[in-house]
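Here is a brief report on one protein model. Please read it alongside the sequence and coordinates.

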Amino acid sequence: QVQLVESGGGSVEAGGSLTLSCAASTYIPSTTYCMGWFRQAPGKQREGVAVIHRGGGTTSYADSVKGRFTISQANAKNTVYLQMNSLKPEDTAMYYCATTPPYSFRTYCDLAQSNYGTWGQGTQVTVSS
């Protein structure tokens, strides 16, 4: 069972930057799956933030983070990153890493949470005004 470990969360002032990392506990010998970030703010439903296709590298972002957040990956390390710039107080949330099943032969990635079956424990991001 693959486990996902997130790191890099913290507290920052509005306008600041943070980089989140998500590493799979074991090597996944597949490139046809998606990996990405979701977040849940207090009192709100969890929402998709950014995802990436592990083989093709294509990405998808929520409109609220386009132009500010960038998702990237280090294939050899089964790791994805989320560079977050120009952070706003409304970005405050618990950020979760997730993957689709490794052998689901996905050709594209979207932000539909139902497609993601493995989740990390989350890392807190707090942005103060």
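The sections below go from the basis of the model to the overall fold and then to one residue.

## Basis

This is a predicted model: local features need pLDDT of at least 70, side-chain atom pairs count only at pLDDT 80 or more, and totals for chains, interfaces and linings use all residues. Residues are numbered from 1 along each chain as its sequence is written, and side-chain values use heavy atoms, without hydrogens and water.

## Overall fold

The protein has zero helices and eleven strands. Helices (H or I, at least four residues) and strands (E, at least two) are DSSP runs, numbered from the N terminus.

The C-alpha trace spans about 40 × 25 × 25 Å along its principal axes. Buried residues account for 43% of the 129 residues. Buried means under 20% relative accessible area, exposed over 50%, and partly exposed in between (1.4 Å probe, protein chains only).

Contact means heavy atoms within 4.5 Å. Of the contacts between residues at least 6 apart in sequence, 60% join residues at least 24 apart.

## T100

T100 sits in the loop between β9 (93-99) and β10 (118-119). T100 is buried, at a relative accessible area of 1%. Leaving out residues up to four places away in sequence, T100 touches Y33, C34, R106, N115, Y116 and G117.

With C34 there is also a close atom pair: a polar atom of the T100 side chain lies 2.8 Å from the backbone nitrogen of C34.

Terms used: Polar contact = N/O pair within 3.5 Å; in protein donor to acceptor, adjacent residues only side chain to side chain.
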